[in-house]
Amino acid sequence: MAQQAKDLLGRMGKGPAGLSTGVRLLIGAGALAYGVKESLYTVQGGQRAIMFSRIGGLQNAVYREGIHLRIPWFQYPIIYDIRAKPRRISSPTGSKDLQMVNISLRVLFRPISDQLPNICRQLGPDYDDRVLPSICNEVLKGVVAKFNASQLITQRQQVSVLIRKQLTERANDFGIILDDVSITELSFGKEYTAAVEAKQVAQQEAQRASFLVEKARQQRQQKIVQAEGEAEAAYMLGEALTRNPGYLKLRKIRASQNIARTIAASQNRVYLNAANLMLNIGGTGFNDGANSLKK
């Protein structure tokens with residue numbers, strides 16, 4: 001292979017001078033273009049780069065977005081995405097009253113730009129896989145163990161704030177920023193869930209029984225008040241009839257009007273005299289009831 005390359009160069013050297021110069025210029029231009037291409041690299045938006053040198057090792061400088069220079073072969077960039085990324089972590093743990101709790105977190109994390117060299121040295125490019133599962137499980141188990149199962153439900157906001165505070169402090173030790181920490185799932189074991197449901201059913205039955213008792217008491221009171229009202233009305237009516245017998249005549253006239261209206265609406269033909277309709281105002285029988293009241 002080496003002999004063939006030597007023969008090719010020898011034949012090129014023996015060729016015309018213009019051809020040899022053109023080939024050399026073409027090779028030189030290609031080498032220059034390749035060198036320029038390998039000497040430039042681009043950092044996209046939302047990214048940061050750190051430089052690794054084969055001579056000095058990992059450098060502490062952090063490069064922002066844009067085009068940057070490097071020495072080909074001796075240096076190459078390591079690019080990190082610093083945009084917030086979501087991650088969901090689940091952890092089964094125990095509460096203060098020894099109930100099993102399945103809790104899940106959703107965290108939005110990103111690396112601290114100024115600490116990328118240390119992150120690369122200590123954790124590598126998969127820093128989130130190395131750090132987040134361990135610290136999330138540690139914090140979740142520590143916080144949940146401070147509350148009873150019922151408190152985890154009634155004081156969920158307080159639990160979430162406490163988890164976020166401790167988890168943010170632990171992640172900051174590794175150069176990670178947590179923009180958001182939220183509880184996405186909080187469930188208990190089957191036995192505890194069944195016990196809670198049975199308790200709820202018992203409370204609802206007790207409330208229903210109390211409602212029925214109160215309803216019966218109110219109905220009883222209503223009947224008493226209604227009976228007292230009817231008795232009072234009857235007494236007042238008797239007093240009114242005694243003092244003014246004309247009231248009885250007025251009631252007779254109204255009763256006759258109702259009877260006449262009912263008969264008129266009927267399809268059958270009915271013949272009644274004025275006495276039966278209580279309309280014989282001029283008769284002596286119309287005033288008998290009123291006169292008896294006067295006596």
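**Chat about the model**

Mentor: Let's start with R48, which is found in strand β2 (residues 47-53). Strands here are DSSP runs of E with at least two residues, helices are runs of H or I with at least four residues, and both are numbered from the N terminus.

Trainee: Before we go on, what kind of model is this?
Mentor: This is a predicted model, where local features need pLDDT of at least 70, side-chain atom pairs count only at pLDDT 80 or more, and totals for chains, interfaces and linings use all residues. Residues are numbered from 1 along each chain as its sequence is written, and side-chain values use heavy atoms, with hydrogens and water left out.

Trainee: Okay, back to R48. Is R48 buried or exposed?
Mentor: R48 is buried, because its relative accessible area is 9%. Buried means under 20% relative accessible area, exposed means over 50%, and partly exposed is in between, with a 1.4 Å probe and protein chains only.

Trainee: Which side chain does R48 make a polar contact with?
Mentor: That would be E65: the side chains of R48 and E65 are joined by a polar contact of 3.1 Å. A polar contact is a pair of N or O atoms within 3.5 Å; within protein, one must be able to donate a hydrogen and the other to accept it, and residues adjacent in sequence count only if both atoms are side-chain atoms.

Trainee: And what else does R48 touch?
Mentor: Leaving out residues up to four places away in sequence, R48 touches several residues, including V43, V62, Y63, I79, S113 and L116. Contact means heavy atoms within 4.5 Å.

Trainee: What about Q47, where is that found?
Mentor: Q47 is found in strand β2. With a relative accessible area of 17%, Q47 is buried. Setting aside neighbours within four places in sequence, Q47 is in contact with E65, I79, Y80, D81 and I82.

Trainee: Which sheet has β2 in it?
Mentor: An open sheet of three strands in the order β3-β2-β5, with antiparallel pairing. β3 and β5 (75-81) stand at the edges with a single partner strand each, so one side of each has no neighbour in the sheet. The twist averages 30° from one strand to the next; axes are lines fitted to C-alpha atoms, for helices over the stretch in contact, and angles run from 0 to 180 degrees between N-to-C directions.

Trainee: How many bridges join β2 to β3?
Mentor: Four bridges join β2 to β3 (residues 57-63), and the two run antiparallel. Strands count as paired if DSSP finds at least two bridges between them. A hairpin of three residues connects β2 to β3. S53 stands opposite G57 in β3, and A49 stands opposite Y63 in β3.

Trainee: Switching topic: what is the order of strands in the sheet with β7?
Mentor: The order is β6-β7-β8, an open sheet of three strands with antiparallel pairing. The edge strands are β6 (85-94) and β8 (176-188), each pairing on one side only. Neighbouring strands there are turned by 20° against each other on average, direction ignored. β7 (residues 100-111) pairs with β8 over eleven bridges, and L108 stands opposite D180 in β8.

Trainee: Which helices pack on that sheet?
Mentor: α4 packs on the sheet and touches β6, β7 and β8, its direction making about 40° with that of β6. Helix α6 (residues 156-172) also packs on the sheet, touching β7 and β8, and its direction makes about 140° with that of β8.

Trainee: Which residues of α4 are buried?
Mentor: Among them are Y127, V131, L132, I135, C136, V139 and V143.

Trainee: Last one: how many helices and strands does the protein have?
Mentor: Nine helices and eight strands. Buried residues make up 23% of the 295 residues in the protein.
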